[in-house]
Amino acid sequence: MRLLARHAIRLLGQENRRGGGGAGGELTAIWRGGTRLKATTGYLKLATASVQPLEPEKQVQRKNSPLTDSFGRHHTYLRISLTERCNLRCDYCMPAEGVPLQPKGNLLTTEEILRLARIFVEQGVRKIRLTGGEPTVRRDIVEIVAQMKALPELEQVGITTNGLVLTRLLLPLQRAGLDSLNISLDTLKRDRFEKITRRKGWERVIAGIDLAVQLGYRPKVNCVLMRDFNEDEICDFVEFTRDRPVDVRFIEYMPFSGNKWHTERLISYKDTLQTIRQRWPDFEALPNGPNDTSKAYAVPGFKGQVGFITSMTEHFCGTCNRLRLTADGNIKVCLFGNKEFSLRDAMRNENITEEQLVDLIGAAVQRKKKQHADAAPRVHHHSHYHLYHQAHHPSGLQLQVRNCSQLTHVNAQGKAQMVDVGAKTSTTRFARAEATVEVGEKLTRLIAANELAKGDVLTVAQLAGIMGAKRTSDLIPLCHNISLSSVKVQATLLKSEHSVRLEASVRCSGQTGVEMEALTAVSVAALTVYDMCKAVSHDICITNVRLLSKSGGKRDFQREEAAKGAIPEVE
């Protein structure tokens, strides 16, 4: 492992010498976001630099920026997911067989990624971190880093990786300009690594960390702590910082609803701190920057330091300056939030200008809440949490679960949530819905003769219904963004009944049904009929919006009278 690192250093040759010192030498001072890290008494301490207040003109610019939310938080940090793919199968992240991947056409192209990066930087983003999936599985990862480093106002490009291929990629990434890297590693034991990741490669990850240190980086090692898995390695990870200038960061396990594990696996920050201080009583806190998510600590005399990311027990929403861009082009303003806005669709619409795209980004940022909805109950001391609630709120807790758990979009605390479909089987889903628009005798004649000023009512309603089905997740907050394989809308003028009958048929291959897409299609089509006819009469009634049938899921449905006049399922 050390030979790999030394070999990489030799390859750097004259480039490193021009950069101001040997890559393997001790770092005596590093600048990070307005704070200076000084090497004193053998370990790094934060010396907080004086923060100059913003000039009035810049304060106004920040306030009016599309990246400033309604609570005054200015977002300068963007995390971009480059891919959904990963070369590990960590059991708290995905099933052993992996997860269904979206079609390539749904994902952002390299050009789209770079365009969005440029737009965000022009609006005020100063730091970009590339994530995944696993970003290093992208063949063009080095080129993406180089292109982003060419953006004039971008100050830092980092990467979060599992470290499996760092010994091969880190040198070209450094030459491309990579500023920082985070390495995910949940255990320092080879057998445990293979158990949780379902893959081999622990030695390569450790070699990658050592290479990063030799190349002059101060890598962050992210460790998700889980009870009954790696809690016995807490002190081992702290010991890992004795001779390595690394920042080990303990992350509180976040038990999302799709995981098989529950809150009992969470180890709180305070419990971890207590464990460490039993061995190192002088384990001391270091100053933190204004937007730091990690609480910094160190053992005097150690070269590295330790951080705690307390997402569950002590959230840091008030100073959050982060936005996320998913691999399929959705902007996500909060990790815990379900709402996403598609920048991909807007970019691919030739009628959308870049200024309108920026407006869409600003609208998404304005929707960011003051703090995230709890993904799980607050846990301060694991040994007392459940006892406390059982002792003080037994009936209340049971009542909440009984009343709310029957609704799939509501959690046990009565709060809205998106249903996690990750564990569902991917099947062919099909749904049909209908709606009726009662227009009256006069409008029936005008529609039949195609004499309305706005044009062909039935054709435009059909097109609007198809467009509505494809935008369902943007209109209905907790609907999933589904890749549809077929949408068909039929608009029929029923002259004898003075009405327009609308029927939609929607199909996909996926893990959740498409009845909402079908219902949205007929609803939007019905509203379009109203819009095109309202200049003649407002005496129009939209009625009978209902699901006719659905299939492919656990609960198929067929309305008895729906068999006649059905739109055939399209292959």
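**View A. Strand β19 meets β20.** Strand β19 (residues 541–551) pairs with β20 in the antiparallel sense over two bridges; strands pair if DSSP finds at least two bridges between them. Here K550 stands opposite F557 in β20. Helices (H or I, at least four residues) and strands (E, at least two) are DSSP runs, numbered from the N terminus. This is a predicted model: local features need pLDDT of at least 70, side-chain atom pairs count only at pLDDT 80 or more, and totals for chains, interfaces and linings use all residues. Residues are numbered from 1 along each chain as its sequence is written, and side-chain values use heavy atoms, leaving out hydrogens and water.

**View B. The open sheet of five strands.** Follow the order β17-β18-β16-β19-β20, with antiparallel pairing. At the edges, β17 (484–494) and β20 (557–558) each pair on one side only. Helix α15 (residues 440–449) lies across β16 (427–438), β17 and β18 (499–510), at about 115 degrees to β17. Axes are lines fitted to C-alpha atoms, for helices over the stretch in contact (heavy atoms within 4.5 Å), and angles run from 0 to 180 degrees between N-to-C directions.

**View C. Helices α6 and α8.** The axes of α6 (residues 166–176) and α8 (residues 202–214) come within 9 Å and cross at roughly 25 degrees. That makes α6 roughly parallel to α8 (angles under 35 degrees). The contact is made by L166, T167 and L170 of α6 with R204, A207, G208, L211 and A212 of α8.

**View D. Helices α16 and α18.** Helix α16 (residues 457–470) packs against α18 (residues 515–533) at an angle of about 145 degrees, their axes 7 Å apart. Among the contact residues are V457 and V460 of α16 and E517 and T520 of α18.

Methods. Parallel < 35°, antiparallel > 145°, perpendicular 65-115°, else oblique.
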